[in-house]
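Please consult the sequence and coordinates alongside the points below.

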Amino acid sequence: MALPVPEWRGFAARRWAALDPALRERLAAASLHDMVRLGCDMLRTEEEAEEAALPRLCRRASTDKAAAAAGALRERGNREFGRGRYREALGLYCKAASHEPPGSPELSICFANRSATLFHLGHFEVCLEDIARAESHGYPDRLLPKVLLRKAECLLCLGRLQDAADALSVVESKIHMDGLMTSPTHQTLLKKLSQLKVKIHKKERCPEPAPEACGDIQGKSEIWEENNSISGASSSLSLNFDTERGRHLVASQDILPGQRLLKEEAFVSVLCPGESLPLQDSETAWDTRVTNADLYCHRCLRQLLASVPCQGCSYAKYCSQDCADVAWQQYHRTECSLGALLLTLGVFCHVALRTVLLAGFAEVDRLVKWFHSGDKDPHNPKARVTCPGETPDTGAGTRGIPGCNDTGQYQSSYQAVFHLLPHTEQHNPEHKFLCMLSVVVICKHLQEAGLHTAVLNQESSEQSSKPKTSEKSSDELSPELKTVAEAMLRHVLQLQCNAQAITVMQELGPADGAVVNKKPVRLATAFFPVLSLLNHSCCPNTSLSFSGTTATVRASQPIPRGQEIFHCYGPHQCRMRVAERQQLLSQYFFECRCRVCLDELESDVKGMVSMRNSFCCPSCRAPMQGEEGLLCCSDEACATSVSRENLSHRLWDLQQQIKKALDLLRDGKTDQAIRILLKCQMDAGNFLSPEHLLMGEMEDHLAQVYATLGKWQEAARHLKKSIEIVEMHHGPTSEEIGHELFKLAQILFNGFAVSEALSTIQRAEEILSMHYGPQSAQILELQEMKTCLSELPRSIFQRT
């Protein structure tokens, strides 16, 4: 959630409405500097209302360690493990480990239990890491032989025979030292020990042949020459500035489709927590749902298998101890005790705080003071003063363009972030008041918790290794924290127009299925100052993808020299009508005048997007017309009319039935899933246009069901129909069509439809490499499939 929780927004709205009209007018016209100072005064004089509202909200999002939660989650994980539901057990053990207090003996048991699920899922390297964690956290000596046997078995599976033999020797000595050789448990361990010894002996005598290389699947290398003036950008781009378009990038030479234009590491990113927070309505009610906060590293956004929990809170989780340590040093030592507050006040406030923590107070203070000097607008070259680190505008190259340093370079730095437009005058005054109240509250909590010295970099990391609980400070914010609050307010306002959603293709259902289905998911919110140079177009000439916290921009079509480089901010021409796009884009404080918008506005027609996703007449199947409550058939001879509410209700019922079918599919009840989906298709044909996206989704779901049953031809038939609809909506070279072709290639590969599979692979490769580059995981998998198919006998080619 980008903004604070609804209850806090409501509280701020009531505070705003209760203000004296003169004060509201003053706040609406105030600079960020003055808003912060007025806000500090308000919180100091009306502290009781704030004190009553916020702690209650924060208790609902508690991020404290809770041994009761850890025990309940671990027991639930044990039950899932006993049922053979290892993925579910893995998630529960991860959540349990995050709730265990540091030094708790139960933490080692969580790691040991989690290692068992990882072993069953075939993640042997990660299993070994968890076994090492269990040992280092004091796993009970009496239980250690069982875990060490698992370690030996992992090493055996990885082909590390000597290490496996050494581990077995340690197990054997521990069993003998116990002196209880006749107990049933020890007899079981001895039997397992003997079996593993035999396996090692066999592998030593008859080593398995090394796997043959399956052709050259390394992908093509990319030619890349970095720009001397713009960090992370290609040398084929140049940075320009004018009063109408602001800073923007232009092609300095002809660019080909698929060419990489920009690769930038986020200056700051914050993981979006997901939709659910821990339930704490009673002592025994603990939320077991898995969200993004459980699935991805909170620092590098790498997907997690065995998370390393923060020692101070139950929320932050990392892919490794290294990531945890770096995060602690850079920002989490300050954020750790504020977890519930930051979850309550939303991701934008969290990004703003982390931005100033990463920049360091000295840099924040320098730029805020510069901004006050003369009260000049840094984005207006005619009125601006020179920022520290910049030279006066000489008219040469990029010097003088806001955000560039003294050599004319535009870098992914805090200076570039600071120069992103906050649009202070265009934000709704009530929204600015909410943002101001939120950042001042955060700074107030920093001061009360004794964390302000860490924020201002006034003590070493060793001194601040543990959050301080409570030296009650003065109610008045220190001048330094007022500077921090002003910078944070600036960043929160900037985020409305400059926040970049980091997205990831998340797998739906089991990852080991014959066909992997994925959907895009918003993973994090970030500042990419170089990426922010790209202006919007509803028909962009670039494609954007992410790997962890790194954004990559590629050309999605030929871009001639002199043409501006455009990125789509969200409302693409293929997905919605021009009126809907303009409404969505209003949040960025501009009216889109791109080519496709102007063409649609001049043509004054509804456009194909509206027709494809429209209702059709229940009587004659012609498109329905009308913008208000009553829709009429477009065929004058029919004259059927139906209320929009009626058709919308039918659509909602249809979506619920599809959801029910997918739940049945997840439970392995494929026959029932097929029956419901086929009935949904028939019902949908009576009131939805044949090109409606939901029609394509149903074809896609049917393909998934038939693939699960191994009926490859039937699966391919349905998926081809889905691809036709996806192509109508998104275009023949879109990344959406690339993902659909990838799924079709998997189905054709599994069904040994060799010739068709090879041609599908080639088309999928061309599209996906243009969007994600020749080294992407999907491209490498397509190349593996192509190599395997190419090695089949020619006779199979002739039959398929």
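The protein chain exposes about 37,600 Å², of which carbon and sulfur atoms supply 51%; accessible areas come from the Shrake-Rupley method with a 1.4 Å probe, and for residues only the protein chains shown count as cover. The model is predicted: local features need pLDDT of at least 70, side-chain atom pairs count only at pLDDT 80 or more, and totals for chains, interfaces and linings use all residues. Residues are numbered from 1 along each chain as its sequence is written, and side-chain values use heavy atoms, with hydrogens and water left out.

**Fold and burial**

- The protein chain has 31 helices and 15 strands, both being DSSP runs numbered from the N terminus (helices: H or I, at least four residues; strands: E, at least two).
- Of its 800 residues, 50% count as buried, where buried means under 20% relative accessible area, exposed over 50%, and partly exposed in between (1.4 Å probe, protein chains only).
- Among contacts (heavy atoms within 4.5 Å) between residues at least 6 apart in sequence, 65% join residues at least 24 apart.

**Salt bridges within a helix**

- The whole structure contains 26 salt bridges, each defined as a side-chain nitrogen of Lys or Arg within 4 Å of a carboxyl oxygen of Asp or Glu.
- Side chains of opposite charge can pair when their charged atoms come close.
- Arg133 and Asp130 are separated by about one helical turn because they stand three residues apart in helix α8 (residues 124–136); both Arg133 and Asp130 are buried.
- Another salt bridge connects Glu740 with Lys743 at 3.1 Å, N to O.
- Helix α28 (residues 735–750) holds both Glu740 and Lys743, three residues apart, or about one turn of the helix, and Glu740 and Lys743 are both buried.

- Glu335 and Arg354 form a salt bridge through their side chains (2.8 Å, N to O).
- This pair links distant parts of the chain, with Glu335 in helix α13 (residues 321–335) and Arg354 in helix α15 (residues 347–359), 19 residues apart.
- Glu335 has a relative accessible area of 3% and is therefore buried.
- Arg354 counts as buried because its relative accessibility is 6%.
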